[in-house]
Amino acid sequence: MNYIGLNNRVVDSKDAVISALDHGFLYGMGLFETFRTYGGEPFLLQRHIDRLADGCRQLGIPFEGDIAELRDWIQRVMGKNELQDAYIRYTVTAGEDILGLPAGDYSQPNHLLYIKELPKFPDTLYMEGKGLQVLNLPRNTPEGPVRFKSLHYMNNILAKRELAGYASAATGAEGLMLTAQGEIAEGIVSNVFFVTNNVLYTPSVATGILPGITREMVLELALDAGLQTEEGLYRWEQIAEADEIFLTNSVQEIIPVTTLWCTNGRQTVSGGRCGRITALLLELYRERTGLLK
């Protein structure tokens, strides 16, 4: 990443600096969105910006979210980094303010675009899947009524550190966080779905999960395909008995889970291969992105 976007400019990464008094740095007051491009176009950009705008409104951070201007800025940063497609993180910090907790709204936020080459995922990942390791660290409760995609990511980082201590980490497993009440919440960087008797289940936002953009799209695709869906509160025992399990995020899309890891060992899911409904949803998702014509 040689060049970074800063406040609608494109600057050398070493020059992309903000004030030490920025409340994004001091208090974690800021939000971000991660997404990717297909054929150079940011996918589901309006949905990401809508979520970002709603969060900024709740935090008192001014945000206009001009889609045309943002698309142009993204293209300029991608071009400077010589990328045709990219992984993109768009961050909005609260900006510089007093040393102390303000009661009012912010006035001068900072906008940053971090853009890098898309990770390369082998086709075998979408056929053979990956593991899912249950973690001891509980998912913390959200900052407000619904979890923000905020700059405060300590819970996820501690979860990643715990995952690194398990044998499953060497195989590329994702970590699964439960709530303090023992309900299934979400992965470290993913939302979780499972299929039992042809019904698609995913944890409710009442568990404190991030309401993922890809999660939202998958639920819509499932309904359009005539699948029965349910959002609720589920225990580990229910996912352990599932016919299929998969994970979603904006960069990896839909990843089958074919191995579950817990304190009692490991078990194989859907015969160690991508399940039928998972494969269907992945196909429908990629049709929507334009990868499949």
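The lining of the largest pocket comprises 12 nonpolar, 17 polar and nine charged residues. Here Ala, Val, Leu, Ile, Met, Phe, Trp, Tyr, Cys and Pro are nonpolar, Asp, Glu, Lys and Arg are charged, and the others, Gly among them, are polar. The model is predicted, and local features require pLDDT of at least 70 and side-chain atom pairs pLDDT 80 or more, whereas totals for chains, interfaces and linings use all residues. Residues are numbered from 1 along each chain as its sequence is written, and side-chain values use heavy atoms, without hydrogens or water.

On a 1 Å grid over the protein atoms alone, a cavity is a set of points where a 1.4 Å probe fits but cannot get out; a pocket is an open set with protein on both sides within 12 Å along at least five of seven lines, and lining residues have an atom within 4 Å of a point. Points are joined across faces, edges and corners, and a volume is the space filled by probe spheres set on them.

| Space | Volume | Lining by class |
|---|---|---|
| Largest pocket | About 590 Å³ | 12 nonpolar, 17 polar, nine charged |
| Second largest pocket | About 280 Å³ | six nonpolar, four polar, three charged |
| Largest cavity | About 30 Å³ | four nonpolar, three polar, one charged |

Of the 38 residues that line the largest pocket, Thr 34, Lys 149, Tyr 153, Val 189 and Asn 249 lie nearest its centre. Elements giving two or more residues to this lining include β3 (30-38), α2 (45-59) and β13 (244-249). Helices (H or I, at least four residues) and strands (E, at least two) are DSSP runs numbered from the N terminus.

The count is one cavity of 30 Å³ or more. Among the residues lining the largest cavity are Phe 35, Arg 36, His 48 and Tyr 285.

The second largest pocket is lined by 13 residues, with Glu 64, Gly 65, Glu 69, Tyr 90 and His 111 nearest its centre. Helix α3 (residues 67-80) contributes the most to that lining, with three residues.

The 14 residues of α3 reach 20 Å from first to last C-alpha, close to the 20 Å expected at 1.5 Å a residue; the expected span is 1.5 Å times one less than the number of residues. Ile 67, Leu 70, Trp 73, Ile 74, Val 77 and Met 78 of α3 are buried, that is, under 20% relative accessible area with a 1.4 Å probe and protein chains only. These buried residues fall within an arc of 135 degrees seen down the axis of α3, so they line one face of the helix. The arc is taken from the directions from the helix axis to the C-beta atoms. Just after α3, Glu 82 adopts a positive phi of about 60 degrees.

Key. Buried means under 20% relative accessible area, exposed over 50%, partly exposed in between (1.4 Å probe, protein chains only).
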